[in-house]
Amino acid sequence: MTERKPPGVPFESWVDKQIQDAQRRGEFDGLPGTGEPLPAALEAPYDELWWIKRKMAREGLSVLPPTLALRKEAEDALAAAYAAPSERIVRKIITDINVKIRDMMFKPPPGPPLGRKPYDVEEVVREWRERREPTDTTEPESSA
């Protein structure tokens, strides 16, 4: 426990002495971030919810309502299906996201409406095949 400031000693001098004594005892050694640059967030405008946002990011939490999060997940799933290496994987991705969409449709959570219906697996597979077919790159014959 720190001692009381002696009478007649300026407050700044007394605080500086406390800090110097703690440094000599090594009480500041090994603190997290020692020797690292200050985070860029210190230069950003002040945000009252900075600690909540940092904790949510650290724990991987989402701030979207469940329906909007699923809407984003559905769009990502469709993009992943189009980029999939095989038809089996396309069917798996679309079937999995359709299960989630149907669950959300029949048990709506609070928040905005989902605005999505399950994808037609056969339609997605057909589009996937079309996207993978090589395009005709032959040049037209020129009359010479």
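User: Which residues form the nonpolar patch on the surface, and about how much accessible area do they have together?
Analyst: In this predicted model, the nonpolar surface patch is formed by Tyr46, Leu49, Trp50, Trp51 and Ile52. Taken together, these residues have an accessible area of about 580 Å².

User: Is isoleucine 52 buried, partly exposed or exposed?
Analyst: Isoleucine 52 has its place in helix α2, which covers residues 50–58. Its relative accessible area is 30%, and because buried means under 20% and exposed over 50%, isoleucine 52 counts as partly exposed.

User: Why does asparagine 98 count as buried, and which residues does it touch?
Analyst: Asparagine 98 is located in helix α4, made up of residues 87–106. The relative accessibility of asparagine 98 is 3%, and it therefore counts as buried, given that the cut-off for this class is under 20%. Leaving aside residues up to four places away in sequence, the residues that asparagine 98 touches are Pro118, Tyr119 and Val121.

User: Which residue lies over the face of tyrosine 82, and at what distance from the ring centre?
Analyst: A charge sits over a ring only if, among other conditions, CZ of Arg is within 6 Å of the ring centre. The residue over the face of tyrosine 82 is arginine 131, and its distance from the ring centre is 3.7 Å.

User: How far apart in space are glutamate 130 and tyrosine 82, C-alpha to C-alpha?
Analyst: Glutamate 130 belongs to helix α5, residues 121–132, and is partly exposed, with a relative accessible area of 45%. Although glutamate 130 and tyrosine 82 are 48 residues apart in sequence, their C-alpha to C-alpha separation in space is 9.9 Å.

Terms used:
Residues are numbered from 1 along each chain as its sequence is written. This is a predicted model: local features need pLDDT of at least 70, side-chain atom pairs count only at pLDDT 80 or more; totals for chains, interfaces and linings use all residues. Side-chain values use heavy atoms; hydrogens and water are left out. Helices (H or I, at least four residues) and strands (E, at least two) are DSSP runs, numbered from the N terminus. Buried means under 20% relative accessible area, exposed over 50%, partly exposed in between (1.4 Å probe, protein chains only). Contact means heavy atoms within 4.5 Å. A charge sits over a ring if NZ of Lys or CZ of Arg is within 6 Å of the ring centre and within 35 degrees of the ring normal. Patches are made of residues with over 30% relative accessible area and no salt bridge: like charges are joined within 9 Å, nonpolar side chains (Val, Leu, Ile, Met, Phe, Trp, Tyr) within 5 Å. Accessible areas come from the Shrake-Rupley method with a 1.4 Å probe; for residues, only the protein chains shown count as cover. A salt bridge is a side-chain nitrogen of Lys or Arg within 4 Å of a carboxyl oxygen of Asp or Glu.
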